[in-house]
Amino acid sequence: MVEDSQNKNTTILAMDVVGYSAKMNVDERGTTEKLKSARIIIEKIVAEGSGRVFNTAGDSFMVEFNSTYNAVNTAIKIQKKLYQINETLELKDKLEFRMGVNLGDVIIDGTNLLGDGVNVAARLESIAPPGGICVSEIVYNLVKSKISEGFLNKGKQKLKNIKEEITCY
């Protein structure tokens with residue numbers, strides 16, 4: 001356990017670029033520039049949704065929200081905006097993100113967040129389809145009547161290094 005830490009419940013949005021390493025291998029400079037452009041868009045939409053980017057690594061972003069609705073709505077807005085941009089680009093130039101959203105307990109470590117709440121969001125992101133969003137059952141139950149987009153029940157999923165199966169949408 002992190003010394004002098006506190007815990008809290010919060011909603012985490014995890015996202016990263018599909019096939020990023022391969023894209024970097026083919027066009028490192030171009031991919032880096034596209035990611036910088038995407039980051040500007042992501043940070044703007046996250047701020048509008050009252051979120052906070054608390055960690056980045058290469059092509060991944062971890063975002064915290066006090067509102068589960070804002071987290072899912074922000075994820076949808078980002079995906080729609082990036083889809084619009086990708087429609088104007090050649091296949092090789094597109095950046096598609098996968099996203100996962102989870103509500104859970106986290107450990108506060110300075111400006112960073114750690115723990116199962118974060119880990120589950122990251123694992124949900126890893127099973128989301130390119131350009132898609134995967135949410136945990138708790139997130140789904142909180143937003144299903146507030147979000148106009150449809151949800152597909154993926155059933156219980158065994159997520160890497162997560163003890164219990166998680167029902168995903």
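Predicted model: local features only at pLDDT ≥ 70, side-chain atom pairs only at ≥ 80, totals over all residues.
Leaving aside residues up to four places away in sequence, T111 touches R52 and F54; F54 is 57 residues from T111 in sequence, yet the two are 6.4 Å apart in space, C-alpha to C-alpha.

Let me turn now to a pair of helices, α2 (residues 28-48) and α3 (residues 68-87), whose axes come within 10 Å and cross at roughly 150 degrees. That angle makes α2 roughly antiparallel to α3, and the crossing is right-handed. On the α2 side the contact is made by A38, I41, I42, I45 and V46, which meet T74, K77, I78, K81, L82 and I85 in α3; sorted by class, these are eight nonpolar, one polar and two charged residues.

Finally, the aromatic residues, where a search of the whole structure finds three pairs. In one of them, the rings of Y140 and F151 have their centres 5.1 Å apart and their planes at 80 degrees, so this pair is edge-to-face. Y140 belongs to helix α5 (residues 137-143), while F151 is in the loop between α5 and β7 (155-157), so the pair ties together parts that are eleven residues apart in sequence. Y140 also pairs with Y169, with ring centres 3.7 Å apart and planes at 5 degrees, so that pair is stacked. Both Y140 and Y169 are buried, whereas F151, at 29% relative accessibility, counts as partly exposed. Together, Y140, F151 and Y169 form one aromatic cluster.

Conventions. Residues numbered from 1 in each chain as written. Heavy atoms only, no water. Axes fitted to C-alpha atoms, helices over the stretch in contact; angles between N-to-C directions. Helix = DSSP H or I, 4+ residues; strand = E, 2+ residues; numbered from the N terminus. Parallel < 35°, antiparallel > 145°, perpendicular 65-115°, else oblique. Left-handed = near helix turned anticlockwise from the far one by under 90°. Contact = heavy atoms within 4.5 Å. Nonpolar A, V, L, I, M, F, W, Y, C, P; charged D, E, K, R; others polar. Phe/Tyr/Trp six-rings, centres within 6.5 Å; stacked < 30°, edge-to-face > 60°. Buried < 20%, exposed > 50% of the residue type's maximum accessible area, 1.4 Å probe, protein only.
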